[in-house]
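Here are some notes to read alongside the model, written as numbered points.

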Amino acid sequence: MSQTKTILRALAGETLPTPPIWMMRQAGRYLPEYKATRAQAGDFLSLCYNSELAAEVTLQPIRRYGFDAAILFADILLLPQALGADLWFVTGEGPRLSTITTQAEFDKLGKGEMIHDTLNPVYETVRILRRELPEETTLIGFAGAPWTVATYMIAGKGTPDQGPAHALKEENRPLFEAILERLTESTIDYLSAQIDAGAEVVKIFDSWAGSLKGEDFQRYALYPAKVITEEIKRRHPGIPVIAFPRQAGDNYIGFHAATGADCVAVDDSVSPEWVAEHVQPGGCVQGNLASRHMVTGGQDLVDETRKVVDALKNGPHIFNLGHGITPDADPENVKLMIDTVRGA
Ligand code: CP3
């Protein structure tokens with residue numbers, strides 16, 4: 001049977017007349033129905049671990065907008081929690097974790113199959129979604145990249161410059177590398193279980209890849225992405241992988257070939273014309289409209305959306321934002337973006 005899901009066709013390298021579209025953080029606080037379901041769940045983590053409600057919020061933007069893909073509702077920090085780190089969210093501030101900066105703290109982390117004890121509700125969310133999604137909608141699973149997850153584990157919170165993780169890398173490289181290796185192994189098991197439950201594509205979010213320079217980028221962003229991608233493809237032939245080494249700049253060039261990823265997602269610090277010339281020859285690209293247009297809207301939104309579509313129309317492309325949609329976005333602007341992409 002020929003493939004009817006447009007996202008899978010683009011990921012297989014097909015250039016489509018209209019790019020398929022989805023949006024990072026498409027289930028989120030800009031949507032009143034998300035806020036209502038979240039209030040019903042209690043806090044954010046309770047929502048992540050409530051399979052029925054997590055599936056419900058995943059479906060909300062599909063019902064409202066008809067995106068071509070749904071992304072599993074969960075968080076990249078569930079994995080460190082499954083390894084034994086304490087995790088909580090402070091309203092208005094973001095995530096907090098117990099820190100890992102010493103060998104003794106690292107030695108307390110778990111490994112192997114134990115992660116599934118905590119993460120089973122996430123796999124159940126995937127199973128529900130595969131039953132309930134429209135047949136044309138692709139289900140994307142995801143995990144954080146080892147470096148990005150490590151920056152939160154080492155600092156115990158989000159940091160503007162990932163300073164604590166860079167400091168540990170310089171001061172205790174063996175420990176830093178042990179953390180990355182543990183995360184690489186468990187990320188493979190986590191993504192693999194999502195695929196077994198029904199995820200059709202997996203995406204690796206390396207939100208802080210841009211703060212790794214030179215050799216560090218090769219060792220701690222590119223290499224882990226390659227190891228994860230190769231092992232996922234060995235265990236699950238035919239499952240496409242999307243890599244998102246955010247703000248990688250020139251390091252986006254050659255990232256498909258160096259990692260084996262089927263698609264490289266690009267942020268909006270690079271122009272779509274540059275992406276067409278330097279990244280898209282390597283394979284499918286995803287991106288990269290600036291998220292602020294979902295707040296500001298108007299003719300600018302239409303013009304910039306058309307620019308992205310136009311620049312990337314001669315190769316495989318999945319339309320997306322350059323980063324997640326923000327809570328202050330106007331749901332009407334999302335509709336305008338989709339209509340513009342689809343030429344309605
Ligand atoms: O894209 C999606 O809709 C899928 C679900 C998803 C969430 N987080 C839900 C979420 C995904 C793929 C993520 C990834 C994630 N989580 C990343 C990588 C992508 C990126 O944005 O760079 C990171 C760094 C995290 C860690 C994280 N989770 C932070 C720093 C925060 C707080 C910041 C904020 O926006 O409040 C979260 C919370 C979070 N994860 C929310 C959502 C919808 C908001 C929680 C809420 O409802 O209050």
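1. Asparagine 288 sits in strand E8, which covers residues 284-289. A cis peptide bond links glycine 287 to asparagine 288, with omega at about -10°. Please keep in mind, here and below, that this is a predicted model.

2. Arginine 25 has a phi near 60°, which is a positive value in a residue other than glycine. You will find arginine 25 in the loop that runs between helix H1 (6-11) and helix H2 (32-41). Glutamine 162 also has a positive phi, about 55°, although it is not a glycine. Its loop lies between helix H8 (146-155) and helix H9 (163-171).

3. Are these two residues buried or exposed? Glutamine 162 has 22 other C-beta atoms within 10 Å, so glutamine 162 is buried.

4. Arginine 25 comes up again at the ligand. The shell around the ligand holds 22 residues, and the closest are Arg25, Gly28, Gly94, Phe205 and Ser207. Strand E3 (94-97) and strand E4 (138-144) are the elements that give two or more residues to this shell. Sorted by class, the shell has 11 nonpolar, 7 polar and 4 charged residues.

5. Next, a pair of helices to bring up on your screen: helix H10 (residues 173-197) and helix H11 (residues 214-235). Their axes come within 10 Å and cross at roughly 35°, and the crossing is right-handed. On the H10 side the contact is made by Leu180, Thr184, Thr187, Ile188, Leu191 and Ser192, which meet Tyr220, Pro224, Val227, Ile228, Glu231, Ile232 and Arg235 of H11. The residues of this contact divide into 8 nonpolar, 3 polar and 2 charged.

6. H10 has another partner, helix H7 (residues 115-132). The axes of H7 and H10 come within 9 Å and cross at roughly 35°; this crossing is right-handed. From H7, the residues Ile115, His116, Leu119, Tyr123, Val126 and Arg127 meet Ser186, Asp189, Tyr190, Ala193, Gln194 and Ala197 of H10. By class, the contact of H7 with H10 has 7 nonpolar, 3 polar and 2 charged residues.

7. Where is threonine 305? Threonine 305 is in helix H15, residues 298-311. It counts as buried because it has 20 C-beta neighbours inside 10 Å. Leaving aside neighbours within four places in sequence, threonine 305 is in contact with Leu289, Met337, Thr340 and Val341. Alanine 225 is 80 residues from threonine 305 in sequence, and the C-alpha atoms of the two are 29 Å apart in space.

8. Finally, the chain as a whole. It has 16 helices and 9 strands. The radius of gyration is 19 Å, close to the 20 Å that the globule rule gives for 344 residues, so the chain is as compact as a globular protein of that length. Along the principal axes, the C-alpha atoms fill a box of roughly 60 × 45 × 45 Å. Buried residues make up 47% of the 344 residues. Among contacts with a separation of 6 or more, 72% are between residues 24 or more positions apart.

Technical notes. Residues are numbered from 1 along each chain as its sequence is written. This is a predicted model: local features need pLDDT of at least 70, side-chain atom pairs count only at pLDDT 80 or more; totals for chains, interfaces and linings use all residues. A residue is near a molecule or strand if its C-beta atom, placed from the backbone, lies within 6 Å of it. Helices (H or I, at least four residues) and strands (E, at least two) are DSSP runs, numbered from the N terminus. Ala, Val, Leu, Ile, Met, Phe, Trp, Tyr, Cys and Pro count as nonpolar, Asp, Glu, Lys and Arg as charged, and the others, Gly among them, as polar. Axes are lines fitted to C-alpha atoms, for helices over the stretch in contact, and angles run from 0 to 180 degrees between N-to-C directions. A crossing is left-handed if the near helix is turned anticlockwise from the far one by less than a right angle, and right-handed if clockwise. Two residues are in contact if their C-beta atoms, placed from the backbone, lie within 7 Å. The radius of gyration is taken over C-alpha atoms; the globule rule is 2.2 Å times the number of residues to the power 0.38. A residue is buried if 20 or more other C-beta atoms lie within 10 Å of its own, exposed if 12 or fewer, and partly exposed in between; C-beta atoms are placed from the backbone.
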